[in-house]
Every structure is written in structure tokens, then in C-alpha cells.
Number of protein chains: 2
Amino acid sequence: MNMTDPLPSWKSSTEGGTGSKEAIINFVENVASKYNPEDRIVTFDNDGTLWSERPRYFQEYFMLPALLNLDKISLQSSLEKSAPLTREGIMREDGKHYIGKTTEEYVAAANTFVYNTNHPTLDRPFSDLTYQPLIELLDYLRANEFQIYICSGGGRDFVRSFSQGAYDIPPENVIGSSVVTEYDKTQGSGGSVVRTKVAETDASDQADKGLGQYNDKEGKPVGIQRQIGKRPIMAVGNSTGDLQMFDYTDQGAGNSLIVLINHDDGDREFKYNDGTEGENLSWDKAQTLEHWLVVSMANDFNTIFTSD
Amino acid sequence: MNMTDPLPSWKSSTEGGTGSKEAIINFVENVASKYNPEDRIVTFDNDGTLWSERPRYFQEYFMLPALLNLDKISLQSSLEKSAPLTREGIMREDGKHYIGKTTEEYVAAANTFVYNTNHPTLDRPFSDLTYQPLIELLDYLRANEFQIYICSGGGRDFVRSFSQGAYDIPPENVIGSSVVTEYDKTQGSGGSVVRTKVAETDASDQADKGLGQYNDKEGKPVGIQRQIGKRPIMAVGNSTGDLQMFDYTDQGAGNSLIVLINHDDGDREFKYNDGTEGENLSWDKAQTLEHWLVVSMANDFNTIFTSD
């Protein structure tokens with residue numbers, strides 16, 4: 001280990017941590033170095049892994065004002081008026097509400113939203129709700145020449161709107177769900193890529209739904225192969241939607257590392273992710289495999305948010 | 001200009017060149033440097049731009065033995081037995097013949113083909129038919145911190161099978177057409193991404209055809225936005241299939257550079273690309289705009305193939 005602690009917001013075992021910090025450092029120092037830098041691929045889930053996802057996926061709040069015909073963003077009251085959307089439901093609304101917009105216009109609108117809208121209960125802009133220990137992990141992996149990708153069930157262009165600013169991850173390293181787009185040569189001086197297809201709720205396949213890539217569960221390995229063409233050696237996630245990404249990455253102990261962020265800190269964030277609330281097949285599997293780390297937010301993290 | 005010539009296979013104006021060499025160097029030295037390295041995006045078409053595409057797209061030869069039930073690859077005689085396939089036809093056959101294969105298996109098979117099968121008339125493996133002046137251009141742009149992508153109408157995974165070896169371009173920087181794939185957790189230790197859908201010739205949309213991204217013409221800007229999320233500042237291509245990529249890149253003289261490779265050398269390669277044979281809307285447009293360079297293979301290139 002370096003003399004300087006590369007993960008200062010992570011507690012070591014002697015400080016009450018679960019040993020996750022040591023296991024990560026061991027992997028980076030002793031396993032990752034066996035791979036050439038160009039093959040040190042790591043994929044991070046976004047919602048619930050790099051930033052919060054409760055009470056709802058943040059992308060849903062970007063849709064709510066439009067869904068509810070609000071003149072002004074009023075997230076707290078909105079919450080009481082609508083049922084939570086599924087991942088697919090969010091992408092469908094996303095497609096509907098920004099139809100005809102160029103991807104540049106969409107990204108600009110999402111960026112404004114993320115940096116200027118307060119979370120309904122945590123009283124800070126969404127952009128302030130990234131996790132400090134994960135930001136340190138990104139920096140540590142970057143310093144060790146990992147190629148860092150986000151692989152999110154959320155919208156690709158939504159995540160791109162803040163990935164550079166929040167995580168220092170450029171748009172080309174963001175894999176996510178998408179709506180159907182087309183090139184429109186009449187938009188701007190060189191033409192633009194425009195969000196074009198109205199989502200049809202009852203359609204039987206993704207394209208007819210107005211969806212392109214559906215990048216959750218089985219869609220995550222598909223998105224990774226499509227975008228990168230290499231298999232990750234490390235994957236970080238938190239939910240049942242990450243199981244297939246974890247499996248795709250897992251080449252056995254000593255060859256790859258799976259990291260699951262367990263949301264077990266109701267005081268500082270939210271408590272929901274230890275298999276006690278709803279299905280979490282990733283958590284279930286991690287209980288049985290030593291090289292699938294379960295990171296306890298309560299015990300492993302000194303600090304939760306970058307804005308703390 | 002550097003004292004060492006960065007493009008030794010390109011002829012300067014005083015050596016009989018058209019001035020393309022000087023225009024490219026001027027752009028790299030005086031325009032590209034205004035952009036941060038992460039925004040110095042350049043996209044290269046592959047077929048007819050980085051390697052030959054005649055008498056047929058090389059990917060078609062990868063399909064021919066299967067199409068014709070040949071026991072042994074016999075390309076010359078195959079040519080006489082079938083009509084050329086369209087871009088879409090090639091992707092459809094590609095989907096059919098490799099259905100059920102993992103993407104790793106497909107890439108390995110394509111790599112073996114490209115490096116071990118001779119071109120029907122040029123008497124060398126396909127891998128030897130990359131263009132030396134373009135390889136030098138890739139190296140020159142790389143040395144100037146360009147982010148280099150291939151944006152091909154051909155198959156993404158087909159091009160990935162040789163892009164690293166032939167061009168030093170890694171798989172994550174290859175944008176191309178694709179077939180539908182799914183994650184199959186039963187394949188190998190961590191599961192694999194498998195080519196799954198049988199192409200239906202008369203289907204009305206891409207997904208039902210068994211095609212994912214169709215990365216030609218209007219599909220090129222769509223593929224670029226999806227994969228990179230940034231607009232190129234330079235694009236290199238040769239055919240009508242590159243027009244939309246060129247338009248999407250073109251932000252006016254002094255801000256971007258369009259380079260069209262004109263196949264006008266029937267003695268050393270093939271002569272077909274100057275608008276005299278079939279439609280070439282890119283060539284037509286390049287005639288009217290000074291910042292759309294037309295590179296003459298006959299006059300601008302000292303050497304054609306890397307294997308010459």
C-alpha cells in the first residue's frame with residue numbers, strides 16, 4: 001500500500017470497516033497489475049452506486065414536472081401524486097417528453113436539472129448526492145490506469161449530462177438505456193441527432209416502444225459488449241439489475257472483483273439494499289462468494305456524500 | 001511543420017500532389033490545437049478509406065463460403081456465382097451464419113479469416129490491403145492527441161477483429177453495424193453475449209430484421225452520438241455512405257476538416273470513386289467546398305498498400 005491512503009473515506013478493518021477497503025486495495029495492487037492497462041476495464045452502475053437512487057431514481061424527477069403538468073418544479077408534492085415509474089417507464093416518458101429535441105438540447109436540459117434542482121428530502125441539488133468514497137475509488141482506479149465506464153440502467157444521455165462534471169468520466173465512457181434517435185440534417189449547421197420516436201406502451205419489442213438499448217439486467221452485458229468489446233475485470237453495483245453485469249465480469253477469485261454497495265445506513269442515507277426490502281439477487285449471490293465484496297455504507301464509509 | 005515528415009507516403013504539391021497533404025498538416029497544426037485533446041474527435045470510415053473495398057466489401061467474402069456451401073474457400077469462383085450483397089444484405093447473412101455464436105467466437109473467426117484469406121485478385125491476405133498513407137495519417141493524428149474512431153457501415157464486430165492489429169485502434173473505438181445480441185449466462189464461466197436473432201428479410205424495422213445499429217448513411221451520425229456523445233472535428237471517408245457523417249462533422253472552414261479518399265488509380269488499386277461510377281453524393285458535395293478535401297490516390301499517394 002502507498003504511504004498516502006488512497007481511500008481516506010473508507011474505514012480499514014481496525015477502524016470498524018468490514019475489510020472491503022483492504023480487499024479492493026489488494027485487488028488493485030496484486031491482481032489488476034497482471035492486466036495491461038487497456039484491459040483494466042471497470043464498469044460502475046450509477047443509481048445507488050455512484051449517487052443516491054431514493055426515494056426514486058433521480059431521472060424520474062426530471063420527468064415529473066412534465067408528467068404532472070406542473071408549472072413549477074415541486075418535487076415533494078409531486079411524489080404524493082404519482083406511483084413510481086419502472087426503469088422502462090422512465091425511458092418511455094423520457095422519449096415522450098423530449099421528442100423532437102436534439103440530443104444536445106436534451107443533455108443541456110438534463111444538466112440544468114441535475115445541478116439546479118433540490119432532492120425532495122435531502123435538501124441539496126442532485127449533483128451534490130454523489131458518494132465521496134466512490135469518487136475516491138474512481139480516482140484510485142484512474143491512477144492505476146483502469147479504463148472506467150458507467151453502465152447504467154438509466155438513460156445514457158441523462159447520465160452523460162453530468163458524468164464529466166461529477167465523476168470525471170467523459171460521455172464516450174457512459175453506457176446506458178436509450179430512446180430511438182435519427183439524424184436530421186435540417187437541425188443546425190451540420191445537422192443533429194434528434195429523439196424521434198413516440199413510445200408505444202403496449203408494443204412487444206424495444207424498438208417499437210421507442211426504446212433503443214435497454215441497459216439493465218440482461219441488457220448490461222449486451223451494452224458492455226456493444227460499447228467496449230472487452231470483458232470487465234471489475235464491476236461495482238448495488239442492485240438486482242447488476243447481477244448479469246457481475247456474472248459477466250466474474251472470472252473467479254484472483255482474476256476479477258465484484259463490489260456491491262449495500263445501502264444499510266438509514267441515518268445518513270437510506271436503508272433498503274440488504275435483501276430485506278424486495279428482491280436483490282446480486283445481494284443474495286454475494287452472500288455466497290467471498291470475492292463478491294459487500295460494502296457496508298454504515299460500517300465502511302466515514303463520509304457518505306461529496307457534499308457532506 | 002516538423003523537420004521530420006509526418007506523412008512520408010503523401011506527395012507534397014511540389015512532388016505532384018494536389019495540396020491535400022499541406023491542407024491536412026495545416027489543419028492539425030493550426031486548427032486542431034484550438035480544441036482540447038478530449039474534443040479532438042476524428043472518425044474514419046473503414047471500407048475504401050482504411051483498406052480496399054473492391055471487387056466487393058471484404059466482409060462479404062467472410063460470408064461467401066457459407067452462402068455457397070463451399071467446402072473450401074474459393075473466392076475467385078465464388079465471385080462468378082452470386083450477385084454482390086448490399087450493406088444490409090451482408091449484415092443479414094452475417095446474422096444468419098453466426099447465429100448462436102458468442103461475440104468472442106465470431107471475432108476469433110473473423111480475425112482468422114482476415115489474416116489468412118487471400119484477396120481474389122490482389123493475391124495477398126485482406127489484412128495486407130490497408131493503405132499505407134492512411135496508417136501514417138492515423139499515427140500523425142494520434143501523435144497530436146486526436147481521439148480516433150472507426151465509423152463503418154460494415155459490422156462492428158467484424159471490424160473489431162482486426163482494428164487493433166491493423167490500425168492500433170482498440171475495439172471500444174469501433175462504431176459499426178450490428179446484429180441483435182443477447183446475454184446467455186450458460187455460455188462459459190461468466191456467461192457471454194450471443195448473436196441470437198434470425199434475420200427476416202421482409203421485416204419493416206431493423207430489430208425485426210435481426211439488425212441492431214445500421215451504421216451507414218443517416219446511421220453514421222446516430223452511431224457517433226450513441227458511442228461518443230461528441231461531434232467530430234474531422235472525418236475521413238470515400239463514398240456516398242459517408243455524406244451524413246461529413247455533414248455532421250462539418251462546422252465550416254477553419255473549424256473542421258472533411259477528407260474524401262478518391263479511388264482514381266486503376267493501375268495500383270481500383271478506379272471507381274470519382275462520381276463516374278454510380279452515385280457518390282459525398283464526391284459531388286466535395287466538388288463545391290474547399291474545406292472538403294478530395295485526396296487523389298493516383299496523385300497524392302507515393303505508396304498504396306502497407307504491404308507494397
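Colleague: Let's start with a pair of helices. Is the crossing of α5(A) and α7(A) left-handed or right-handed?

Modeller: The crossing of α5(A) and α7(A) is right-handed. Keep in mind that this is a predicted model.

Colleague: How do I describe such a pair in general?

Modeller: For two packed helices, you give the angle between their axes and the distance between those axes. Here, helix α5 (residues 103-116) of chain A packs against helix α7 (residues 156-167) of chain A at an angle of about 60°, and the axes are 8 Å apart. That angle makes α5(A) oblique to α7(A).

Colleague: Which residues make the contact?

Modeller: From α5(A) you have Thr103(A), Tyr106(A), Val107(A), Ala110(A), Asn111(A) and Val114(A). On the α7(A) side, look for Asp157(A), Phe158(A), Arg160(A), Ser161(A) and Phe162(A). Sort the contact by class and you get six nonpolar, three polar and two charged residues.

Colleague: Okay, sheets next. What holds strands together?

Modeller: Strands of a sheet pair through backbone hydrogen bonds, and they can be parallel or antiparallel. Chain A has an open sheet of six strands in the order β3-β2-β1-β6-β7-β8, with parallel pairing. The twist averages 15° from one strand to the next.

Colleague: Which strands stand at the edges?

Modeller: Those are β3 (174-177) and β8 (292-296) of chain A. Each has a single partner strand, so one side of each is left without a neighbour in the sheet.

Colleague: And how many bridges join β1 to β6 in chain A?

Modeller: Three bridges link strand β1 (residues 41-44) of chain A with strand β6 (residues 234-237) of chain A, and the two run parallel. To see the pairing, find Phe44(A), which stands opposite Val236(A) in β6(A).

Colleague: What about where the two chains meet?

Modeller: The size of an interface is often given as the accessible area lost when the parts come together. Here we can count residues instead: chain B puts in 35 residues and chain A 35 residues. On the chain B side, the elements giving two or more residues are β4 (181-184), α8 (219-227) and α9 (243-249). Of these, α8(B) gives the most, with five residues. That side of chain B divides into ten nonpolar, 14 polar and eleven charged residues.

Key
Residues are numbered from 1 along each chain as its sequence is written. Chains are lettered from A and ligands numbered from 1 in the order in which they are written. This is a predicted model: local features need pLDDT of at least 70, side-chain atom pairs count only at pLDDT 80 or more; totals for chains, interfaces and linings use all residues. Axes are lines fitted to C-alpha atoms, for helices over the stretch in contact, and angles run from 0 to 180 degrees between N-to-C directions. Helices (H or I, at least four residues) and strands (E, at least two) are DSSP runs, numbered from the N terminus. Angles under 35 degrees count as roughly parallel, over 145 as roughly antiparallel, 65 to 115 as roughly perpendicular and the rest as oblique. A crossing is left-handed if the near helix is turned anticlockwise from the far one by less than a right angle, and right-handed if clockwise. Two residues are in contact if their C-beta atoms, placed from the backbone, lie within 7 Å. Ala, Val, Leu, Ile, Met, Phe, Trp, Tyr, Cys and Pro count as nonpolar, Asp, Glu, Lys and Arg as charged, and the others, Gly among them, as polar. Two strands pair if DSSP finds at least two bridges between them.
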